[in-house]
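Please look over the sequence and the 3D structure below. A short report on selected features follows.

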Amino acid sequence: MKVLYLTKYTRLAGSSRMRSYQYFPYLEKAGMQVTVKPFFDDAYLKDFYAGKKNISAVLKSYVKRLGVLFSVFSYDRVVIEKEIFPFLPALAEWMLKLLGIQYIVDYDDAIFHHYDQSTNPIIKKILGNKISNVMRFSGTVVAGNQYLADYATRSGAKNIEIIPTVIDLERYPIKQITDADPCIVGWIGTKTTFEKHLLPCKDWIKALQHQEPNIRFHIVGITEDMDLGKNVKYIEWTEETEVAEILKMDIGLMPLQDSKWEKGKCAYKLIQYAACGIPGVASDVGMNREVTVPGETGILAAGEEEWIQAIKTLKSNTELKNQLGRNARKKVEERYCIQQTSTKWKEILNHKA
């Protein structure tokens, strides 16, 4: 079986790497021939992460994707990550449907809110229902969580499968947390997610450092000083070192703003911490509630005082940290690892509607 993956990014981007690229060895081992054609290349991503806009690279991406569409009949299955052409109507997906290609479309974010919640009235009017149409035209929608699946249901999608964003257990050893000082509180992500979700926590992060001088914060994915306090270390992210950096943590953080967009998030940071047996402290928002179960796998927090108290509680109780961490790892082994979900993907690709 020949499978064409139309990803949005190369494996340099976490969403494409986790939702698509990490499955390729498992699919190929099952006898499938996988071809991947990302919309954006590495050069675009590096500019994007550096805060640069490269209009010519974007235009080239649209032209290149258009050329790829002429090859779809050479494949037995077509998997689309999110949409074929960002910020254009779903005409390409409609054409595939008319041509009898029952493509599979995959979501790990509520990207429909880029359109139906846009502050630009033109985008909202023209593209407000775009992702609903992409889902309805598809053969199967794969959703990262229930919020995304519910949207697919309302859109009239024929087949809907929920597959969370997962890790590979073979890459994530379990950490035995000790009571050694200092206590490392960690966060991992991109500059965009840092600015939206962790930077607003600056006041309580600074306050906690004054209250607990032997707490250290490790921020993986940010290399410049963001004025979070003197006990903060900023660490470059690489795919090769991300697990090693997580293993240095004793407590993992995942604050989120409470909005419709965040309800589409798949709690990937928490799953990474949990895979290493590290308890998470997370906002009580969206899928965070599924991964971080209070008193079982971590602690949910709302206001500044709750965040501070949650971290203090875990810092002072090594037995609790290890208990929550073991439970979190077990949950990953049962639900949030590729060793479980790769079977479901193979079933979806082998199914002929």
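## Aromatic pairs

Rings of Phe, Tyr and Trp (its six-membered ring) form a pair if their centres lie within 6.5 Å; planes under 30 degrees apart count as stacked, over 60 as edge-to-face and the rest as tilted. A search of the whole structure finds 14 aromatic pairs. The rings of Tyr 5 and Phe 24 make an edge-to-face pair, because their centres are 4.8 Å apart and their planes stand at 65°. This pair links distant parts of the chain: Tyr 5 is in strand β1 (residues 2-6), Phe 24 is in helix α2 (residues 24-29), and the two are 19 residues apart. Helices (H or I, at least four residues) and strands (E, at least two) are DSSP runs, numbered from the N terminus. Both Tyr 5 and Phe 24 are buried. Buried means under 20% relative accessible area, exposed means over 50%, and partly exposed is in between (1.4 Å probe, protein chains only).

Tyr 9 and Phe 40 form a stacked pair, with 5.8 Å from centre to centre and 25° between the planes. This pair also links distant parts of the chain, 31 residues apart. Tyr 9 sits in the loop between β1 and α1 (14-19), and Phe 40 in the loop between β2 (33-36) and α3 (42-49). Tyr 9 has 15% relative accessibility, so it counts as buried. Phe 40 has 6%, so it counts as buried. One aromatic cluster holds Tyr 9, Phe 39, Phe 40, Tyr 44, Tyr 62 and Phe 85.

## Model and conventions

This is a predicted model: local features need pLDDT of at least 70, side-chain atom pairs count only at pLDDT 80 or more, and totals for chains, interfaces and linings use all residues. Residues are numbered from 1 along each chain as its sequence is written, and side-chain values use heavy atoms, with hydrogens and water left out.

## A charge over a ring

Lys 2 places its charged end over the ring of Tyr 75, 5.5 Å from the ring centre. A charge sits over a ring if NZ of Lys or CZ of Arg is within 6 Å of the ring centre and within 35 degrees of the ring normal.

## The sheet that contains β1

Six strands form an open sheet in the order β2-β1-β3-β4-β5-β6, with parallel pairing. Two strands pair if DSSP finds at least two bridges between them. β2 and β6 (160-162) are the edge strands, each pairing on one side only. The twist averages 20° from one strand to the next. Axes are lines fitted to C-alpha atoms, for helices over the stretch in contact, and angles run from 0 to 180 degrees between N-to-C directions.

β1 and strand β3 (residues 77-81) run parallel, joined by four bridges. Leu 4 has Val 78 in β3 as its bridge partner.

## The sheet that contains β10

Another open sheet of six strands has the order β9-β8-β7-β10-β11-β12, and the pairing is parallel. Its edge strands are β9 (232-235) and β12 (298-301); each pairs on one side only. Here the twist averages 25° from one strand to the next.

In strand β10 (residues 251-254), Ile 251 and Leu 253 point one way. Gly 252 and Met 254 point the other way, and all are buried. Strand β7 (residues 183-188) pairs with β10 in the parallel sense over two bridges. Gly 186 has Gly 252 in β10 as its bridge partner. β10 also runs parallel to strand β11 (residues 280-283), with three bridges joining them. Met 254 stands opposite Ala 282 in β11. Helix α10 (residues 191-198) lies across β7, β8 (215-220) and β10, at about 115° to β7.

## Helices α8 and α9

The axes of helix α8 (residues 130-137) and helix α9 (residues 146-155) come within 8 Å and cross at roughly 75°. That makes α8 roughly perpendicular to α9. Angles under 35 degrees count as roughly parallel, over 145 as roughly antiparallel, 65 to 115 as roughly perpendicular and the rest as oblique. From α8, Ile 131, Ser 132, Met 135 and Arg 136 meet Leu 148, Tyr 151, Ala 152 and Ser 155 of α9. Contact means heavy atoms within 4.5 Å.

## Lys 344

Helix α18 (residues 338-350) contains Lys 344. Lys 344 counts as partly exposed because its relative accessibility is 30%. Leaving out residues up to four places away in sequence, Lys 344 touches Glu 161 and Ile 163. Lys 344 and Gln 323 are 21 residues apart in sequence and 30 Å apart in space, C-alpha to C-alpha.
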